[in-house]
Amino acid sequence: MTAQEAVVAGEQMAVRGDELLVVDGLKKHFPVTRGIIFQKEVASVKAVDGVSFTVEEGETLGVVGESGCGKSTMARCIMRLLDPTGGKILFRGRDISNISRAEMRPFRREMMMIFQDPYASLNPRKRVGFIVAEALQVHKLGTDAEIKRRVQELLEVVGLNPEHYNRFPHEFSGGQRQRIGVARALAVNPKLIVCDEPVSALDVSVQAQVLNLLADLRDELGLSYVLVAHDLAVVRQVANRLAVMYLGTIVEEGPADQVYASPAHPYTKALLSAVPVPEPGVTRERIVLSGDVPTPISPPSGCPFRTRCYKAEDVCATTRPVLEPVAGNTEHRAACYFPEPPTS
Amino acid sequence: MPLLEVNDLKTYFRTDDGVVRAVDGVSFSVDKGQTLGIVGESGSGKSVTCLTIMGLNPKRNSMSSGEALWKGDNLLTMAPKRLRDIRGNDIAMIFQDPMTSLNPVHKIGDQLAEAMRLHEDVSKAQAKKRALDLLKAVGIPRPERRIDDYPHQFSGGMRQRVMIAMALINNPDLLIADEPTTALDVTTQAQILTLIEKLQEEFGSAVIMITHDLGVVAEIADDVVVMYAAEVAEKGPVERIFKQPHHPYTWGLMGSLPRLDADVERLVQIQGQPPSLLRPPSGCRFHPRCPYVMNVCKTADPELVAVTGDPAHLQACHLDEETKNREAAKLLASMMAEAS
Amino acid sequence: MFQYLIRRLLWAVVLFIAVTGVTYVIFFIIPADPARQVCGQRATPECIERASHFLGTDRPVWYQYKLFMGRLMPVGIDPLRFKTPDLGRSFTNRQSVNHVVAQAAPVTASLVLGGAIVWMMIALPIGILSALRPRSLLDRIAMVFVLIGISAHPVWIGLIFAYFFGFKLDLFPITGYADFFNPSTDVGGPIQWAYHLILPWITFAILFAALYVRMIRANVMEAMNEDYVRTARAKGAPEHLVMRSHVLRNALLPVVTMLGMDIGLAMGGAIFTETVYGLPGLGKQVFESIDRVDLPVIQGIVVFATVCIITFNLIVDLLYAWIDPRIRLS
């Protein structure tokens, strides 16, 4: 039995096509308070302001956006590391938006997270073996001996030497630490892994290793990912569906190739055109956005992107556009009154 | 005569664990008005190279040798006062993290004026006026109001613009930009790169752009130096490096880039991780990770040699030229195939 | 900013009530009885009863506390008027506690404020120089000094100094305090005042100097590694400007706040130094009052010390908000 098979043997592979995660109208507002003795909420930072999407089994949803768009906050809400202010989160059909910590416990076996900073997300005082095994021990998934064996298998699966079971995180490089994070997430055989900028702190050559690993694991274990990143090229590697976020809302979503090939929302178009292409002499038609991202405390009325949009009209300031199918294609949707025509 | 000529530059740091050879024999040159891109990953020595040129390494535990000839004079052996006259005046440098590169307790107007008054005998009012001009040039909205603000009142992109303004206020002949956009969003990065290119034309300065992003290099550099483990792996005009790379590390770097315009099945990955600079590998420093490693690579560190027929394109690898041409063509073909 | 101020003042009041309340409770938990102390060695039950009625210690604790707070308020209720806060009368000699505190406070103030100047004069140069030359001989000597300064007890230091410089070498007076303005003995005036305080100042300062050398060294070393210092050098600034305008300006910000807090704290009485050198300050007073179980004096000094600490902390907070634009403008 190979290492990969051993991991798989832990649990049955699920049937594809089921809705694993449904997010409906998710909101997360952080209150801004004023007051001498009794703090009164005077405003709120609308970090996530009505986000809806679905992740099916075996699917990878890439969520892209720039700093301040709320994608990391949303990721933490899905994992219930933060409590949502509104909206619903359904995992495998069960509503986990407001349940207590105790009720949330069994779900934590099924959804795990990989974090951005490989240097901060591993406890420097614990050995690597303990870090990977911790979830197994918390959920009491085996005897000590079984757990140890499992951890060693996992280390091998992610491409590390199982002999390094007793080492400390600082003895590993950044890329290796991120692999430890992946092993830790895999330990309990989750259905869903939420990756919050898993490679942005790594060098380019090491990024490739981790991205390939994530793709391989997805193929072999039938995992689903929600991949949050700001690097569009990175997301393209692993994701089959894409959601673009701006100021707390999704402005465009659809199958990755369609969105990349033919972006409908002006923001997506500008985002894609801003990425420098590693080909000298290719003059890019670059859309340079003016100004800065507005504050999420008082987002612009109507469409949040209108203050920087190159094709904003008066109607854009009235009501916020909702996600509508682009050119009749229900899979590819954009929230814009004047979406870009599809490039054929 | 080139504006800046760096010959066999070496910088070693004394640490508790031993001597870290951060830059170990680097040579390149920059001509007037040109843009040189220095590409490398963490630990390649690209930042330290430029800090050495500027004389900004901590004196206590760093040793440097070699030459950095600025218009003929060696910056490394220059009298400190003369070096300070050049710093911020003829050669200016901007850094990666705009959040921490500005003093939080001084107004940005004062910090800009300081940059000017260090090198020119002008009154505070004159310096302030010039600061205002520069703020306008870098696109800060309402500069008259913002000039009295503090750094924490600006966003990341705006702060980087302020840094650029501060660097260009004395009209330097060379601007060294150390990963100026790495900490910024991609749309902000686009703005900053466009700004740098525009100002470069306006002021006529040469630029050294240090980055790990091959896309950035392709966009704005005329010449490229690829660094690995404190040495130069390959260097030459940007067209040559991208169309005909001649070093396995460069191949790996390009192949491992996730592409926006192409659907890549599996990224090329360079196995292993960047080496320790305390005890670098013997021979060619890339050999433990190189898929084409031969016996000679483990013992002899290859010299920088020109590619036949192209004296401007140099590479340091023991592989024969035929193999290199073949592999480069293969890489390019696969990249073009994916893009179609 | 204004809201912040109001909130701090309200907290100060809460703190004040808490501190004085706790002092009262502690006092009445300890087994010593002030009434018995007053009656002396052969205390008869009748004497104790009369004494405790006279002192008011036969009333319930909360009632005594209520009386105490009533006397302390600057506003009188019945009739409505302004009055000076009255800290009560001493149990042992019926002296007005206001008077006792007013006598002792200037002595402590002289010691603490002068000592603060001395400790900063020692700590600033040593701290900064050590940070500029880490691991040099100067740095190592400074660290040894820090170790000794923190470990050696002020009483021991005081006695050693008094013995060598006072007794053996006869350079400085061994004990005693000379009044700055009105000499209570035939020794007085500013020069005598300073002369008598030199050894106490140094003794008092040593501990704080050691702590501050360590803190200043750490802060300066950290500031020197900041990116904006590198930017300043990249602009071509000479080293002295980099130090003055960039490094020190940032490194010494936290020192300002620590200084304020420590002075506020020490105003409560530098007990050890005052005792060794026989300075009639608040520390010596409180020490003696505890011995004599003299609640009003203890309480009076606690009140004074609390007010000092709260005031200094508030000043320091406001000062910090003023000099650090990041806080001022948020």
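Chain A is assigned domain 1 (3–239) and domain 2 (264–344). The model is predicted. For chain B the assignment likewise gives two entries, domain 1 (4–225) and domain 2 (244–339).

**Domains of chain A**

- The C-alpha centres of domain 1 of chain A and domain 2 of chain A are 29 Å apart.
- Nine residues from domain 1 of chain A and seven residues from domain 2 of chain A make up the contact.
- On the side of domain 1 of chain A that touches domain 2 of chain A, strand S2 (40–56) and helix H8 (232–238) of chain A supply at least two residues each.
- S2(A) provides the largest share of that side of domain 1 of chain A, with four residues.
- By class, the residues on the side of domain 1 of chain A that touches domain 2 of chain A are six nonpolar, one polar and two charged.

**Fold and packing of chain A**

- Chain A contains ten helices and twelve strands.
- The radius of gyration of chain A is 21 Å, close to the 20 Å given by the globule rule for 344 residues, so chain A is as compact as a globular protein of that length.
- Taken along the principal axes, the box filled by the C-alpha atoms of chain A is roughly 65 × 60 × 40 Å.
- Of the 344 residues in chain A, 47% are buried.
- Among contacts in chain A between residues at least 6 apart in sequence, those joining residues at least 24 apart account for 65%.

**Domains of chain B**

- In chain B, the C-alpha centres of domain 1 and domain 2 lie 29 Å apart.
- The contact in chain B involves nine residues of domain 1 of chain B and seven residues of domain 2 of chain B.
- Strand S2 (residues 18–30) of chain B gives the most to the side of domain 1 of chain B that touches domain 2 of chain B, contributing four residues.
- The side of domain 1 of chain B that touches domain 2 of chain B holds three nonpolar, three polar and three charged residues.

**The two contacts side by side**

- For domain 1 of chain A, the side that touches domain 2 of chain A has six nonpolar residues, while for domain 1 of chain B the side that touches domain 2 of chain B has three nonpolar residues.
- The charged residues number two on that side of domain 1 of chain A and three on that side of domain 1 of chain B.

Notes: Residues are numbered from 1 along each chain as its sequence is written. Chains are lettered from A and ligands numbered from 1 in the order in which they are written. This is a predicted model: local features need pLDDT of at least 70, side-chain atom pairs count only at pLDDT 80 or more; totals for chains, interfaces and linings use all residues. Domain bounds come from an automatic or database domain assignment. Two residues are in contact if their C-beta atoms, placed from the backbone, lie within 7 Å. Ala, Val, Leu, Ile, Met, Phe, Trp, Tyr, Cys and Pro count as nonpolar, Asp, Glu, Lys and Arg as charged, and the others, Gly among them, as polar. The radius of gyration is taken over C-alpha atoms; the globule rule is 2.2 Å times the number of residues to the power 0.38. A residue is buried if 20 or more other C-beta atoms lie within 10 Å of its own, exposed if 12 or fewer, and partly exposed in between; C-beta atoms are placed from the backbone.
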